[in-house]
Structures are given as C-alpha cells and as structure tokens.
Amino acid sequence: MEVKDTANSRKNREQLDSSIQIIGSFDSHPLHAKILAFKSGLAPFSNSYQIKINYSNNYITLKNKKRLVQLPLNSINISSLLNHIVYQRGQDQLRFQLSQKQDRLRSKLHKKYQQYQRQITKHAETRHKALAGSLKKNLLFSRVTKIQNIPLITLDLAQFKSFQSCQLLIHEKGKPVVKHFLFDAINPIRIGEISIDSFNNAYRQIKQSKNRLFHQKQVLTGCPGILGTFLAKDFNLQSYRILFIISRNDFLPPSIEERDHFELYATQLYSVFSRILIKEKYIDHIHYLKIALRHLRRPIQIYDQYNALLFSTPKNDNAEFNRQNILPLPKKYSLLTNDEHKDVLNTDAYHLQRISLLGELLNTLRHELSNPLFGIKLMADLLSEETLDQECSETLSEISNSCLRCQKIIEDFSYLYQDIEMLCEVDIKKLINETSTLTKSATQQIRRSIKFSGKNNYIYSNPTWISQIIFNLILNSAQALQANPQDRPEIKISVHTAKIVKISVSDNGPGITSNIQKQIFKPFFTTKLKGTGLGLAICSNLANKLGGGISFSDNHDRRGVTFTLWFPSGKN
Amino acid sequence: MKILIIEDDLLIQRSLKMLLSKRGARVTVFSSGNEAIQAIISTNFDKIICDLMLQDLSGFDVIEEAKQKYTLEEISKLFVVITAYSSNTILDKVREYGCTVLSKPFDDLNQALEIFLGRQ
C-alpha cells in the first residue's frame, strides 16, 4: 500500500492550501465501513478511497470513482474514527501479548498438536466422532492468529503427514504483488513474493481443474516449492484470492481419502482466512487513520482508564483541552479535544445579541422621534392653512416637508431591521442604497459609488442579513483606507442580480497580506487595536445562512481588495 | 360631539384639538392618565382618543379602568387607540379589546379625523 504524505516537506506544510492526500486502499468490511463509508452513505464494499483532509475548513473528503463526500471534522465524527482506534488498541494489546508468547508457543505447538492428533484419532476410532470433529475445529479456529502459522499447522495434522510442503499464495485484489508463505522440512517458514502473472496462471489452472486432480506434468509455473504431487484449492474472498497448496515429493497421485480430507480441511480454512486477513487489513487501516489524524491541526488526546495516553496529535501549546466524554468511545476511554466549532456557534449567539440590541435601539429611537415629528408636522400643516400671511404659510409648509423627510428616513431604516429570521421580497437596489447611506459618516472623505447590473431588482431573501454584511464590508474597507491615507480613496460597490446575486465591495486600500489571508474569517482574529475580530466571522456565518458565501481577492492590477457576497436570489 | 384626547405630547394635543374643533366637536384634553380616568367616569364622552404611552400610566390601564363604567362592547366602540408603536405584539394586545388602532403618523389624516368623529 502506498502512502503519499505530501505535507511532509516543510515547504508544503507552509503552503496556505495545506491538505494531505493519503492514497490507500481501504477495503471495506462492516467494521471500517462503519467508520466512514456508512456515515457518508457510500455503499459498503466499494473499492478504494482517496482521503483528503482540508483543515482550513475542517473537512475530510472521501473520494472514489463514484462519489465525493465531505465529512466535517467535528468531535462526533472524529470520535467515531478514534473509537475504532481505541477498540483496536485493546485488540492490539492482546495480539502483542500473544506474539510474545508465540516463540515459546512454537515449540510447544508441535507437542500440543501431536497430543491433539492422538486424541482425535482415538475419538474417531470410538463412537465420539463428533468430539473428534469439534476438537479438530478448535484446533484450527482458536490457535491460528497469523496466516503464516497455517502451513505449519496443516502439515502437523495426521491426515497430511505424508505431505512435506505447504504453501499459501495470497493476492490482495487490486495489488500488483502476491505474498507467498512456504513451509517445508528445510525452512520453518519462508515468506516471499511472486508476480501476479504467475499467480494468475496458477489460480486459473487450479480453478479450472474439475476433479482437483493434477497431472504431475502440470507444474504450476512460477510457483516455487511444489515438489511433486500436490493438492490445491483456490479461495475467492471479498478482497483476496488465495491459493492453498500442499505437496509431496513423489509421483503417486493422492488417494481419494486424502483428497476428501483436503477438501474438508480447506473448507474449514475459508473462515479462518477471512478472519485473519481482515483483521490484518484492519490494523493497516487504523495505521493510516492515525497518520491522518496526526496531521490534523485539531489537538486530540485519548486516554485509557488508567489515564495513560494512548494517542495524541502533535501538541499545540495554545490548545486548551476540555474533557469530553464523547460517545461512542468505549466507556473507559476519554477523549480530549479542543472544539473549534464552539467559536462558530458563539459568533452566531453574539451576532444575534448585537442585532437584537440594535433592533431594540432602533425601535426606541423610532418611537421617541416619531411623536415629536408627528406633532410638528400636524401643527405646521394646520397653521400653514390657517395663516393669512403668504410667507408664513410657505415657511410652515417647508417645516412640514422637513418633518416628512425625517419620518421617511425612520421608516426606511426600520425596513432593515424588522424580523431577524425573516425571508421576504427585497428591493435590492433600495436596500444597497440605504445601506450605503448608513455608512455615510464612516466614509466621509471616501468616494463611494454603486453600480447595478442584472435583470431583476427584486429578490427573495433576508434584507437584514444582506444589509449587515454589506455594511460590515464597507466599514472594513473604510477603516483600512483611513488607517492608510492615500490619494483618492475609493470604495466601489457593484451589484449583479441573476439566479445568484453577487455584491462586491472593492477598495483601493493597502490590501491584505498573504500570510493573514487565510485567517481573516476566523473568529476573534483582528488586525485593529480595538477590533473584536468578529465582523467577518459573523458575516461569513450570515452569508452561509443566506445559502451563499463570502469570497475575496486581491485587486491584481490595482491596490486593494474586493470582497464578494454571493447568494441565491430565491427567484426562478 | 364630545371627544376626549389623552396624549402627553403637547404639540400633538394642541393640533388634534384644533383640527377636531374646526369640524364641530367639543374637545377635552388630558396629559395624565389618572386625571383622564376620573373624567371618563364622571362624564359621558362620545369618543376617547387614547395614546398608549402616557407619563403616569399606559393606555391599557386607562381602558381597564373604563371597564368599571362600560361594557366590553361599548369600550370597543368608544376608544380609538393611537400609538407610535408598530410592533405586532402590542397591536395584538390592543386588538383584544376590539378597539380601532391608528399608528402615528397617520397614513391619511382625513380618514383619521373621520374615525375620531365617529363617522367611520
């Protein structure tokens, strides 16, 4: 399996668009399918996945021939991944203990198997054939934990005592090499590789043979270790093809009894293969997931029940861990992580707070101003009619008009802050014009221009949010221009209405340096002394709520940047 | 026609009084809710124009007190509420009493005056 870790080189690491590509083959199995494939809705048993982790957006992307799926790297998804690591850890520990004993076991195995053999033959002779059968089963199923032990075990069995060599050829589907395990009298176990062509030839020959009787002349090409007469069986598993061959160095064809024994044994082997191979695959799979996780910027630590650290991603000093008992981690383990997404939720709450405060303020203001203005206008109109003095009448008329203007302003701005979550028909021209007017005082010495293009003036969306975002963008530009005084500061707003509405706010200010470009949308990131760092984070969130987003780009040939808000017009 | 206006903005008070007097009504004005309530109990008015936001009480309190003298049906015909609020919650509350509600500033002044004079 290849693992290409492109983020390894430091240069790549510093690239702004950092993502890891792990190209590997994750054969499906209900267990790992559960990790990613089931969650993503991909059918299990699909072939290989390409996994890409984009941690500027905190997403895992799964891509195979048929589909592309994105999973957010939130704590729930990560914990599912890690759950299996933790589970496997337990299994690994067991395995580790086992393998340590293996060497000692090896010599004991011989004796034990021989013991079992005697028992089996004894029971077979008597009436306890079933017992003999189950003993045989136990032999296979409980003792075998590694593929390479199978040849050894096989040759130890009484029914195969005349055979001298046993080998396994295992081909993982989709791979260009075939693993070869050979056990014979000379070598305890020899592990090698053969080419896939050789394997294919052998496989085909064996599969096509009807009576399983092979001519001694039929030498399996490319298959080392076949001494003379051989018995062979092919296995076709989900993700593997296996050839199991036992042979002896003579020319006597195997007896019918021998063939029957072999058939029976091979059938039993099938489930053993499945179990072992898949487990081994699983270990590899977890291994790659660990690599993936290690490169996550999100800090993660897993502790077991004794508070021993099982797994951790590279340390981030600024990370504050909050202990979380995230299901479905097994109970005894605890996962510590730093939930970045909390900040996103916070900006939402913060924004709502600001908006409702503003809304209340506006309401109060409106109410307080309405009354006096109403009185003034009423009286001015009245007196204007009553008076006989022409000049007086005209003056009062003008007073009345001024009041009307004030009332209209209040009415217009109330339109912007009606109901926070509401979608309605919006006159986009009017909205942008008004929003721009709101920024008058902040953009005092800056030239503002608005350009409209596109078909409709009316869209169906949320006027409050649109106004908020554009207002914020204009303000940002204005602040940048004022902090860096220059000739002819300018803010250009252009609105294009189509199925997707695009509103751009462009300035000719100092621009945004490339090293902070990726951070500007992050909550609490600011370059201003008194900034909260929430403006763009909130805008980005609102843009998402509108069903769109905010992007920005450098004005290449000129100074400054352009921020573009885009969202669906809600109209067909 | 006897009309009572309960409104604490003096300019509005004066203008409305002038407008309605010109059309032949006899207008009494009060800025204070408490004083107005006493007047309501002691006198029989044909129309009561009441602002919701008063200095001492709210328009709702006045209406509640008027229940001592009038039935709910009479109240719905007697009172006209004028207010600068446009929030739905408040308007709904007023509608519970069944009275006519007018938002300040009036969309149509003449229509408002007709309502005050009981002609609509």
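Which strands of chain A make up the open sheet of five strands, and in what order? Select β7, β6, β5, β9 and β8 of chain A: that is the order across the open sheet, and the pairing is antiparallel.

Before going on, a word on what is loaded. This is a predicted model, in which local features need pLDDT of at least 70 and side-chain atom pairs count only at pLDDT 80 or more, while totals for chains, interfaces and linings use all residues. Residues are numbered from 1 along each chain as its sequence is written, chains are lettered from A and ligands numbered from 1 in the order in which they are written, and side-chain values use heavy atoms, with hydrogens and water left out.

**Stop 1: the β7 to β8 sheet**

Helices (H or I, at least four residues) and strands (E, at least two) are DSSP runs, numbered from the N terminus. Two strands count as paired if DSSP finds at least two bridges between them. Color β7 (190-195) and β8 (229-236) of chain A, the edge strands, each of which pairs on one side only. From one strand to the next, the twist averages 20 degrees. (Axes are lines fitted to C-alpha atoms, for helices over the stretch in contact, and angles run from 0 to 180 degrees between N-to-C directions.)

Now zoom in on β5 (residues 165-172) and β9 (residues 240-248) of chain A, which run antiparallel and share eight bridges. To see one of these, pick A:Leu168, whose bridge partner in β9(A) is A:Phe244.

Next, show the helices. Contact here means heavy atoms within 4.5 Å. Helix α5 (residues 149-156) of chain A packs on the sheet and touches β5, β6 (177-184) and β9 of chain A, its direction making about 150 degrees with that of β5(A). Then select helix α6 (residues 196-208) of chain A, lying across β5, β6, β7, β8 and β9 of chain A at about 75 degrees to β9(A).

**Stop 2: the β15 to β19 sheet**

Move along chain A to another open sheet of five strands, ordered β15-β17-β18-β20-β19, this one with mixed pairing. Its edge strands are β15 (447-454) and β19 (549-554) of chain A, and the twist averages 15 degrees from one strand to the next.

Select β18 (residues 500-507) and β20 (residues 561-568) of chain A: seven bridges join them in the antiparallel sense. A:Thr562 is worth a click, as the bridge partner in β20(A) of A:Ser506 and also of A:Ser553. β19(A) and β20(A) pair antiparallel over six bridges. These two strands form a hairpin with six residues between them, and A:Gly560 in the turn has a positive phi of about 95 degrees.

For the helices here, helix α10 (residues 428-438) of chain A lies across β15, β17 and β18 of chain A, at about 170 degrees to β15(A). α11(A) packs on the sheet too, touching β17, β18, β19 and β20 of chain A, with its direction at about 15 degrees to that of β18(A).

On the way out, stop at A:Arg488, in the loop between α11 (463-483) and β17 (490-497) of chain A. Its phi is near 50 degrees, a positive value in a residue other than glycine.

**Stop 3: where chain B meets chain A**

Show both chains: 19 residues of chain B are in contact with 15 residues of chain A. About 1500 Å² is buried between them, 73% of it from carbon and sulfur atoms. (Buried area is the accessible area, with a 1.4 Å probe, that two parts lose on being put together, summed over both.)

A salt bridge is a side-chain nitrogen of Lys or Arg within 4 Å of a carboxyl oxygen of Asp or Glu. Between chain B and chain A there are two. One of them to select is A:Glu385 with B:Lys22, where the closest N and O atoms are 4.0 Å apart. On chain B's side, helix α1 (residues 10-22) gives the largest share, eight residues.

**Stop 4: inside chain B**

Which residue forms a salt bridge with B:Lys104? Select B:Glu7: the two side chains meet at 2.9 Å, N to O. B:Lys104 sits in the loop between β5 and α6 of chain B and B:Glu7 in the loop between β1 (2-6) and α1, 97 residues apart.

Finish with B:Pro105, in the loop between β5 (100-103) and α6 (109-116) of chain B. The peptide bond to B:Pro105 from B:Lys104 is cis, with omega near -5 degrees.
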